[in-house]
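Please look through the structure shown here with the briefing below beside it. The points are grouped by topic for a reader who is meeting this chain for the first time.

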Amino acid sequence: MGVAGRAGALVCAAAVAAPVLAAVPAPPPAQADTGDGGVDAAVEAFSAGEVVYVDEEADAATGEGGDGRAEQRRAEQTRAYVRARLEEAGVPVRAEVLADGDAGSAAQETATRVGRPGLYVAVVERRRSTGGRDVETGWAWVGAPAVTDDELDDHFAFYLGGPLEQIAGIVDLIEGDLRPAAEDAAEEGERVYVDPALAEGFPQADAEELEGRLGDLEDVRVAVIPGLARAATGDVREELVDALLEPLGDEGSVLLAEWRYGAFDLTPATAKDAPQATGIRGVLPDGAPEELNAAVGAFAGAVDGGVVDDARKGLAEEQLYVHPLAATDLEEGDAEKVGAALASREVPVRVAVVPAGAHLETGGSSAGDEALAASVARGVDGPVAVYAVDGGGRITGYPVKGGEGVGGNWDSLEDSVFFGKDDDSMRESLDGLLQELGEAPVLGAKAGSGAVGGAGGGGTLGEALSGFVSAAGRALPWIGGGVGLVLLVLFLRGSFAVGRERRRVLEEGRREREEKARREQALMDELRAEEAERVEEIRARNAEDITRLGEELAGARAPGDGERLAAFEAWLREYESLKEDNPKAEDIDRIVAVRKRVESALADVERWNRRR
């Protein structure tokens, strides 16, 4: 028994002998229990067959905490994943997360009172007044230990993840390397492998749905796995990536989604003739569970390699081309309707919808780079607009090639795309483009549109006059010709007034849109400035703590040889990596990710030094 420094105790129960450890039947599946009764409640839960108990006051389920719905849902899914991982273990492991008490004593008491064979792990997490956390881990065995105290000690010191994730990683520690399952799946031609425990905990990690995001791509593999328990003892992650790439040849691409710290750590890797992994990383979302599907879609669009060529060929035959890997909210038949409307214009316009990663094929720096539109438009007649969408369907770029003098509200394709765009909906954006080009929307009027002349307003003077003459022709036999003539004159005067009114409304709409665009731009500039300031504040804190990490490592006593030496060297590599990554983190998400790594590394190295 004890704390994760020198911890571990063997509970010698008379009724339990080592030979029966593996023969004890597994308890029935059960949901991770939560409550507020400390060790008593944990004992009750484990006696009922559960394998995970989390005290309601503990805040360790995701390694981050938080009271929002997303955080709560993620905590629940993490517990479900850990429960599934522990239940599939050959050696029973039971975990309790408590808000107070001594971790070693809690593990010892729980093991003694429950008495069933296996490993009992207790985690006590206390929040500091400054906002940090102190995490204490203890364990006890009933029956013969499957691993040594030193192995568990090193595991908790070096495993990258929150407390529950570290406990789930014990399965890997006890039962050996779990990588062959992913490697075998890749070798057998399975494009997507999802660890069964992760699939149980996270509905978003559905292998069939994720494979659907890969389209017809063949030279790709996606592996969704728990954090690698032995990753700190060598280049395990690199070895796994190389094994996944090996059967794919020189154009292969791999996406490794590794669960730790309450999110999927996304690692793209490519063979020598595929797009560079550094560029792919830039189009991937963060690793939140709800973003996993979008991440796979973005990855597929980035490694396809033929998106621009496909778009160019598509536009040679159609006014609107939507790439199969582009995530949109378009419904069946929508593309044909929009294409017909674009083709019927006096100045036809062509539109391509492509995955955001397509810009990697052109050498551009972002999805909005003009190089993307220029490449797509090469050899295509007429002006071209390109919408680049991320894996979740959000528009991240909208470059154009040509388009001055296209008519409509702005006489510019670039302005028409901009003012008609709805960042979250391709469907609304295409209807908005048609309206700004002076055409009627064909997919349903854009909500709140003030445009005149589309489905929401008057049409042209010629259309109105034609309609009136048709009606008047039917009415004239029944009324005097003079009256009809008067009515016609009055209508013409009214029509010219309507024309003036239409021009006035259009001009007001233009001014309102320009003012809105200016306000939005000013707001975005202000938000970017605030974010940049916050990023620099966090970067400075990171730099101070990275320096402190280096000092801790310099003062540490490195082990002589074996796995512990390899583990220590891994932390030295992490230190060097942090020094490189901190200056490169350009936005709040990336700088916060570095912050979490720094805090984790400091906590683990300090714990290492205390043990030594």
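In this predicted model, helix α15 passes helix α16 in a right-handed crossing. The two helices, α15 at residues 413-420 and α16 at residues 426-436, pack at an angle of about 135°, and their axes lie 8 Å apart. That angle makes α15 oblique to α16.

- On the α15 side the contact is made by Leu413, Ser416, Val417, Phe419 and Gly420, and on the α16 side by Glu428, Ser429, Gly432, Leu433 and Glu436.
- Asp411 is found in the loop between β15 (400-401) and α15, and its phi is near 60°, which is a positive value in a residue other than glycine.
- With a relative accessible area of 39%, Asp411 is partly exposed.

**The α6 and α9 pair**

- The axes of helix α6 and helix α9 (residues 236-245) come within 8 Å of each other and cross at roughly 15°, which makes α6 roughly parallel to α9.
- The crossing of α6 and α9 is right-handed, and the residues that make the contact are Ala182, Glu183 and Ala186 of α6 together with Leu240, Ala243 and Leu244 of α9.
- Pro180 lies in α6, which covers residues 180-187, and at 36% relative accessibility this proline counts as partly exposed.
- Although Pro180 and Leu240 are 60 residues apart along the chain, their C-alpha atoms are separated by 8.8 Å.

**The nonpolar cores**

- The largest nonpolar core has 57 residues, and those touching the most other members are Leu86, Leu152, Ile167, Ile170, Val224 and Phe299.
- Helix α11 (residues 292-303) gives the most to this core, contributing eight residues.
- Apart from that core lies another one of 22 residues, among them Val351, Ala385, Leu430 and Leu433.
- When its neighbours within four places in sequence are left aside, Phe299 is in contact with Leu214, Val220, Val222, Ser253, Val254, Leu255, Ile280 and Leu284.

**Helix α5 and its surroundings**

- Helix α5 (residues 163-175) has 13 residues and reaches 19 Å from its first C-alpha to its last, which is close to the 18 Å expected at 1.5 Å a residue.
- This helix is mostly covered, since twelve of the 13 residues of α5 are buried.
- Just after α5 comes Gly176, which takes a positive phi of about 95°.

- Helix α1 (residues 38-47) is largely enclosed by the rest of the structure, because seven of its ten residues are buried.
- The buried residues of α1 are Gly38, Val39, Ala41, Ala42, Val43, Ala45 and Phe46, and the helix is followed by Gly49, whose phi is positive and near 105°.
- Helix α2 (residues 69-87) has 19 residues that should span 27 Å at 1.5 Å a residue, and its end C-alpha atoms are 27 Å apart, so the two values agree.
- Among the buried residues of α2 are Arg74, Arg79, Arg83 and Arg85, as well as Ala75, Tyr81, Val82 and Leu86.

- Leaving aside its neighbours within four places in sequence, Ser375 is in contact with Val308, Arg312 and Thr362.

**The chain as a whole**

- The secondary structure of the chain comes to 20 helices and 15 strands, and buried residues make up 48% of its 612 residues.
- Of the contacts in the chain with a separation of 6 or more, 65% are accounted for by residues 24 or more positions apart.

Terms used
Residues are numbered from 1 along each chain as its sequence is written. This is a predicted model: local features need pLDDT of at least 70, side-chain atom pairs count only at pLDDT 80 or more; totals for chains, interfaces and linings use all residues. Side-chain values use heavy atoms; hydrogens and water are left out. Helices (H or I, at least four residues) and strands (E, at least two) are DSSP runs, numbered from the N terminus. The expected span of a helix is 1.5 Å times one less than its number of residues. Buried means under 20% relative accessible area, exposed over 50%, partly exposed in between (1.4 Å probe, protein chains only). A nonpolar core is a set of buried Ala, Val, Leu, Ile, Met, Phe, Trp, Tyr and Cys residues joined through side-chain atoms within 4.5 Å. Contact means heavy atoms within 4.5 Å. Axes are lines fitted to C-alpha atoms, for helices over the stretch in contact, and angles run from 0 to 180 degrees between N-to-C directions. Angles under 35 degrees count as roughly parallel, over 145 as roughly antiparallel, 65 to 115 as roughly perpendicular and the rest as oblique. A crossing is left-handed if the near helix is turned anticlockwise from the far one by less than a right angle, and right-handed if clockwise.
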